[in-house]
Structure formats: structure tokens, C-alpha cells
Amino acid sequence: MKLKMDVVDVFTHERFKGNAAAVIITKEWLADELMQSIAIENNLSETAYVLQESDSHYQIRWFSPMMEVDFCGHATLAASYVIFSANPELEIIYLFAEAVGEMCIRKTSDGYIQMAFPNRKPWPVDDVPDELLTGLSILPSSVLLNNQAYFAVYEKEEDVLNVRQNRDVLKTLAPYDVVVTAKSTQYDFISRYFWPATGGDEDPVTGSIHAGLAPYWSEQLGKDELRAYQASKRGGMIHCHVSDDRVLVSGQAVHYLEGYIQVSSH
């Protein structure tokens, strides 16, 4: 069986920056084992599988090299870029995922793709796990949690840039990952994302966690429009707009690869 696959660098306008995701669009779901095997072979932080239901409605699932994940923003952006590129007349598409619901995706006039995510504002944690504090080389000033990750908040931007993770220790926080964040001078806020429990070491750019980061920083900074930077080695820019029940996360994308993979259907 031959499958078309695209690889897209997202949350960037430069190739080899941002975060890369593979996208495979099918007319029926592949077997779960096969989807996981392809994700392992790709060895990207995510491979998105998209099932087309109509011209503008799709279902989406995401696989890291380790497991299927509930929610992945950067691979949603990559998938949307591929769909819009193949259908230039489309301005809006809808992607449905079981754990997230329906996401409205818009192509903007300035070359960005805007994704409507559920608002996943984190809440303060009173009893901070020891593993979180010992798993980070710098103690945070406060800790919050949402259904995806622990939020380690720092007073200084430099702490986010310099903090190191103990991967083996943070892995024990599963199913939660860890995002470190601080107010920024050049941007509204910066972050880094450690996900040894579900994906690997450090994620280059994480769209989904900004559904939690943006509401937190919106409240802290008193503004609804935010510019964010994820300070990984590859780095990525994220634009956010916060409303009561939605966080609009926008980014750019660059096509890297278009090709075909040969797999067994069994």
C-alpha cells in the first residue's frame, strides 16, 4: 500500500526551524498498530493522520514515536497547511478529535493559519510533587496544572532558558508533561516543553500547551492578544488570542517534504 506523506515545519517561516510534523490523509483509518509503526519510523515529535469526511470537514489523530496523544497543536497546523495547500479555494476547515472536539481552522490574509482550541487555563497546585521540583535544575516561583501538564512559572526569563530537566525524574509525573514559562522582554512570554512521559526529550514547539499558557499570561498581563516564543533549539513563534472558552493559536508553516511511503496494509 502506497501512502502520500507530507512533512511541514510549523510555527516558523524558515525551513529547519519551528517544529516538524508528518501528515498522512486517508479515506479510512489505518490500523492503530500501523499508524504507530509509521510514527516510530518517521521519528518526528508527531505524525498526524487525517480522515476526510467532506471538502471542509476532517477527523484527526496524532501519534508520537511513543504513543497516540490526545491533542497536538503543531501537527494540527501542519495538517491544516497541507489541506489548504491542496484546496486553495478553502478559507475555513473543521477538524475533529475525540479529546478536543471540533476545531475551526482559518486561513488568514497575512499568511498565518489560525486554530480555535478549547481554553485550558491551568489552576494553582497546592501540593507540588517532589518529582517536579527535583526534576528541574532551578526551582520555580509557582506551579500550576491543567489536564496536559504541570506549569512551572519563573520570575526571570533567563531561568527558562537555562533550566535543565532530569528526564528520568520528570517521566514519573506521567501522564502529565512539564512546561516552564516566564514573562519575556521581547515577547509577552516564553516557554519550553519537556515531555519524557509521552513523547521524548524536549518538544521544539508545542501548539497545544498554548491553550493553557495563553489564558494564564492573559490574566497576568491584562491583555487578550499575546506574542509567544518557545525557546527550544529550533525555536518557534506563536500568536494567541484568548476568549472565554477558546484560545486562537496562530502560526506560519513551511513545506519540507512531499512523497510516498510504502507499507503493508496488514
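These are my notebook entries on a few spots in this structure.

**Ground rules.** I am looking at a predicted model, where local features need pLDDT of at least 70, side-chain atom pairs count only at pLDDT 80 or more, and totals for chains, interfaces and linings use all residues. Residues are numbered from 1 along each chain as its sequence is written, and side-chain values use heavy atoms, leaving out hydrogens and water.

**Entry: Arg120.** I found Arg120 in the loop between strand S8 (113-118) and strand S9 (123-124); strands are DSSP runs of E, at least two residues, and helices are runs of H or I, at least four, numbered from the N terminus. Is Arg120 buried or exposed? Arg120 is buried but has no salt bridge, and Asp70, the nearest side chain of opposite charge, is 6.8 Å away. Buried means under 20% relative accessible area, exposed over 50%, and partly exposed in between (1.4 Å probe, protein chains only). A salt bridge needs a side-chain nitrogen of Lys or Arg within 4 Å of a carboxyl oxygen of Asp or Glu. I also saw that a polar atom of the Arg120 side chain lies 3.4 Å from the backbone oxygen of Ala99.

**Entry: Cys72.** I looked up Cys72 in the loop between strand S5 (68-69) and helix H2 (73-86). Cys72 is buried, because its relative accessible area is 5%. Its C-alpha atom is 14 Å from that of Tyr176, 104 residues apart along the chain.

**Entry: helix H6.** Nine of the twelve residues of H6 (residues 210-221) are buried, so the helix is largely enclosed by the rest of the structure. Among the buried ones I noted His210, Tyr216 and Trp217. Just after H6, Gly222 has a positive phi of about 70 degrees.

Methods
Lys, Arg positive; Asp, Glu negative; His and termini not counted. Polar contact = N/O pair within 3.5 Å; in protein donor to acceptor, adjacent residues only side chain to side chain.
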